Amino acid sequence: QQQQQQQQKVIKKVVPPLPLDWTKMAECNEQEDIAPADAIRYPWDVMEFPLPPDQSETHLTIVGTAGQKITRMGSNLDEYVSDNLTHLVLRSHLIRTMEGVSKLKHLELLELYDNMIDEINDLCPGEVVDKGEDEEEDDGLPAKNLRVLDISYNVIRDMNPISQCLNLQELYIAQNKIKSIRGIGQLTQLRKVDLGANRIRFMEEEELSGLINLEELWLGKNKIEHIGGISKLTKLRRLDVQSNRLTSIENLEGQVDTLEELYLAHNGIDVEGAKCPTGLALPFKQLNTIDMSRNRLTDTSPFAHLTSLNELWISGNDIKTFDDVEYIRSLVELDGVYLEYNPVASDFEYRKKLVEIVPNLTQIDATMVGGIGQHGYLTGGGSGDNLLERMRQMQDQVIQKAAAETEASGSKEDE
């Protein structure tokens, strides 16, 4: 028994400790610039910074997908970077707090994608300092200089502080925990906004109506039930409200002359909901791409008058017959159509009949018309004059494949 106890003690000693260093993120010592290496890492802990900083460097990019991850930006970050820094990218780290940004007066692009930030702060100095006559006015910087802000894939709940960025042109704040659109109503310079994968339920008009220069609005993967609040966005070219709770398409009057791409996949829109007078029934002039995959469409009648369409993606609906497809015969500009995962796609001559309805098609589902399919055979489609030649080519391919298999099996028997 004593020997067994001694052996057990020895075994306990040789078992290596669990790799839990990453959990030791204790409070750093405020009197030291750098906390213990196993707990806190600043940017200058994971890469070399020349001191004094090279003033010609305007971009700093540190990606945490390889090597050590930063956990603190550092309130004294300005001491390690150029005074002329315009682009700061700290992607895929373990940063929890935005700090040190307010001292970067010339910053135009800030990317903190894929971190652990729960609050937007430090975009402006906390206090306004009286300036001398010879000193340059910089109150409100860097927020006033920022043109691009990407804080996607964090845990932010409140976007109000973005209101300080009056000259912002692109905002990416996808995959956070935002429940309402706030703080962007006065940002008239915005061209692109991505608020996808949040918890938004309403498209607030008081916030969206002020974005008079907005060209792209991405709101996919939220909880939105109605399209609204965009009547004054007369420059909008791309609208994405896919993977929400829509049952109709409406309130698009302001985009009749400008809308080019409309993404509404994975909703509950049926034919009646798609034909709303303020929705697809409008005479859109520039609309070239519609994605309504995985909805409740039973025919293609909502698209019959949209003669500018180049791409129509309606896979995964409930379109049963080619009579239900016949409505798109008038779409002479249509290049590609996705109808897979509809009952009609199981028809033996599915591709051939589609080309007969829309002769200009160059792509059906994921395969080019007249191209090589996934099994190496020529795909269907094309004019009747070429059908016989295509059948002959397919026959030759089958014969060649059979001959090759016979030859291969014969050589194995000889061995």
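**Ground rules**

I worked on a predicted model, so I took local features only at pLDDT of at least 70 and side-chain atom pairs only at pLDDT 80 or more, while totals for chains, interfaces and linings use all residues. Numbering runs from 1 along each chain as its sequence is written, and side-chain values use heavy atoms, with hydrogens and water left out.

**Entry 1: salt bridges**

I searched the whole structure and got 13 salt bridges. My criterion was a side-chain nitrogen of Lys or Arg within 4 Å of a carboxyl oxygen of Asp or Glu.

I looked up E216 and R238. Their side chains form a salt bridge at 2.8 Å, N to O. The pair links distant parts of the chain: E216 belongs to strand β7 (residues 216-218) and R238 to strand β8 (residues 238-240), 22 residues apart. Strands here are DSSP runs of E with at least two residues, helices are runs of H or I with at least four, and both are numbered from the N terminus. I then checked accessibility, where buried means under 20% relative accessible area, exposed over 50%, and partly exposed in between, with a 1.4 Å probe and protein chains only. E216 is buried, at 11%.

Next I took E260 and R237. This salt bridge spans 3.4 Å, N to O. E260 sits in the loop between β8 and β9 (261-263), and R237 in the loop between β7 and β8, so the contact ties together parts 23 residues apart in sequence. R237 is partly exposed, with a relative accessible area of 22%.

Which residues does the salt-bridge network link? I listed K192, E215, E216, R237, R238, E260 and E261.

I also noted E326 with R329, a salt bridge at 2.3 Å, N to O. E326 is partly exposed at 30% relative accessible area. R329 is partly exposed too, at 42%.

**Entry 2: aromatic rings**

My search of the whole structure gave 7 aromatic pairs. Rings of Phe, Tyr and Trp (its six-membered ring) pair if their centres lie within 6.5 Å; planes under 30 degrees apart are stacked, over 60 edge-to-face, and the rest tilted.

How are the rings of Y42 and W44 arranged, stacked or edge-to-face? Their centres are 4.9 Å apart and their planes at 5 degrees, so I logged them as stacked. Y42 and W44 are both buried. Y42, W44, F49 and Y80 make up one aromatic cluster.

W313 and Y338 have ring centres 6.2 Å apart and planes at 80 degrees, so this pair is edge-to-face. W313 counts as partly exposed at 24% relative accessibility. Y338 counts as partly exposed at 22%.

I found the charged end of R91 over the ring of Y113, 4.2 Å from its centre. The test was NZ of Lys or CZ of Arg within 6 Å of the ring centre and within 35 degrees of the ring normal.

**Entry 3: backbone**

Where is the cis peptide bond? I found it joining L51 and P52, with omega about 0 degrees. P52 lies in the loop between α2 (43-46) and β1 (59-63).

H266 is not a glycine, yet its phi is positive, about 60 degrees. I placed H266 in the loop between β9 and α4 (271-274). H266 is partly exposed at 45% relative accessibility.

R294 also has a positive phi, about 55 degrees, and is not a glycine. R294 lies in the loop between β10 (289-291) and β11 (311-313). Its relative accessible area is 39%, partly exposed.
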